[in-house]
Amino acid sequence: MTEFIASRLSSIRIRDLVDILIVAVLVYNLIKILRGTRAEQLSKGIILILVLTQISESLELYTINWILSHLITLGMVAILIVFQPELRRGLEFIGRSSSFRKGMGLGAKRTNALATEITSAVGSLSRQKIGALIVIERQTGLSEIADTGTALDSFISSGLLINIFIPNTPLHDGAVIIRGDRIVAAACFLPLTDNRNLAKDLGTRHRAAIGVSERSDSLSIIVSEETGAISTAENGKISRHIDLTTLEYILDQVYEPKVQPLENLMDKIGGTDHEGKD
Ligand SMILES: Nc1ncnc2c1ncn2[C@@H]1O[C@H](COP(=O)(O)OP(=O)(O)OP(=O)(O)O)[C@@H](O)[C@H]1O
């Protein structure tokens with residue numbers, strides 16, 4: 001027995017170890033991604049069916065084995081249908097990761113002015129505790145989302161942004177979509193995240209901001225109506241209690257990325273709270 005094990009071990013090559021390591025890393029990351037999502041229960045179900053299929057085969061229970069193996073085929077089709085949004089999101093994410101983040105080509109002076117206008121509006125809304133949700137489009141087009149609201153196509157100004165979110169006015173409910181130096185639309189409906197690991201105090205405004213950031217490379221800015229706190233959402237992650245200096249810096253980077261992609265930057269700034277838990 002020991003001879004058998006020794007002979008097997010001696011036949012293992014470096015490339016086999018690399019192969020195993022890569023698969024282990026992939027499986028580990030897949031488990032991390034699935035944890036807390038609705039795919040977790042489904043994965044458990046699939047693993048159970050696979051185990052039962054093997055058991056029924058070795059026990060020669062042919063009818064049960066036939067049913068279970070057909071169930072797996074059906075299950076694969078069902079997965080493609082049920083998880084179509086997640087699969088689309090994943091593929092979009094891979095597509096985005098392969099391309100370097102571009103600026104908006106507006107020039108440093110214009111970029112600074114825009115970042116200042118948006119920051120000033122957010123600061124004012126925050127001080128007055130007026131709820132707001134602003135989404136800045138980057139490479140992923142947000143036209144479908146903009147179509148759910150009221151088209152504006154106006155230059156960005158602090159005054160206009162503040163005005164849009166004044167309570168009980170026609171456009172205050174929903175999100176503003178910004179593309180480059182223009183406010184494309186207001187009162188837009190965003191997709192909500194179904195992340196179950198978020199802090200309980202995050203309501204639908206914050207969940208909508210996270211939802212759109214999962215489906216696109218946009219940056220969302222949220223002002224809480226309850227506390228006036230400013231947060232940003234990007235790549236499905238929320239950073240809470242952002243101060244105005246940091247916000248202006250983030251906006252500068254969105255419009256004119258200088259050093260590195262924003263996700264690295266956010267980690268450097270600190271205060272990144274991926275689950276949004278305090
Ligand atoms: N899917 C959505 N798309 C865009 N805006 C939304 C969406 N869902 C909710 N909102 C906005 O959020 C408001 C409700 O906010 P809610 O109080 O539930 O969220 P919250 O995250 O607790 O924020 P706050 O701290 O401001 O209370 C709505 O009136 C609407 O303006």
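The model is predicted, and the distances and areas below are computed from its atoms. In this model the ligand sits in the second largest pocket, with 16 residues around it.

**The shell around the ligand**

- Among the 16 residues around the ligand, those that come nearest are Asp173, Thr204, His206, Ser224 and Glu225.
- Sorted by class, the shell around the ligand is made up of seven nonpolar, five polar and four charged residues.
- Helix H9, which covers residues 204–215, gives the most to this shell, contributing four residues.

- On the backbone side, a polar backbone atom of glycine 203 lies 2.9 Å from an oxygen atom of the ligand.
- Threonine 204 places a polar side-chain atom 2.6 Å from an oxygen atom of the ligand, and an N or O atom in the side chain of histidine 206 is likewise 2.6 Å from a ligand oxygen atom.
- The ligand taken alone exposes 630 Å², and the protein buries 79% of that area.

**The annotated segment**

- An unreviewed UniProt entry lists residues 65–83 as "transmembrane region", an assignment that comes from the record and that may be inferred rather than shown by experiment.
- In the predicted model, the span of residues 65–83 is 95% helix and 0% strand, and its end C-alpha atoms lie 26 Å apart.

Notes:
Residues numbered from 1 in each chain as written. Predicted model: local features only at pLDDT ≥ 70, side-chain atom pairs only at ≥ 80, totals over all residues. Heavy atoms only, no water. Near = heavy atom within 4 Å. Polar contact = N/O pair within 3.5 Å; in protein donor to acceptor, adjacent residues only side chain to side chain. Areas by Shrake-Rupley, 256 points an atom, 1.4 Å probe, with all protein chains shown as cover. 1 Å grid on protein atoms, 1.4 Å probe; cavity = no way out; pocket = protein on both sides within 12 Å on 5 of 7 lines; lining within 4 Å. Sits in = over half its atoms within 2 Å of the grid points. Helix = DSSP H or I, 4+ residues; strand = E, 2+ residues; numbered from the N terminus. Nonpolar A, V, L, I, M, F, W, Y, C, P; charged D, E, K, R; others polar.
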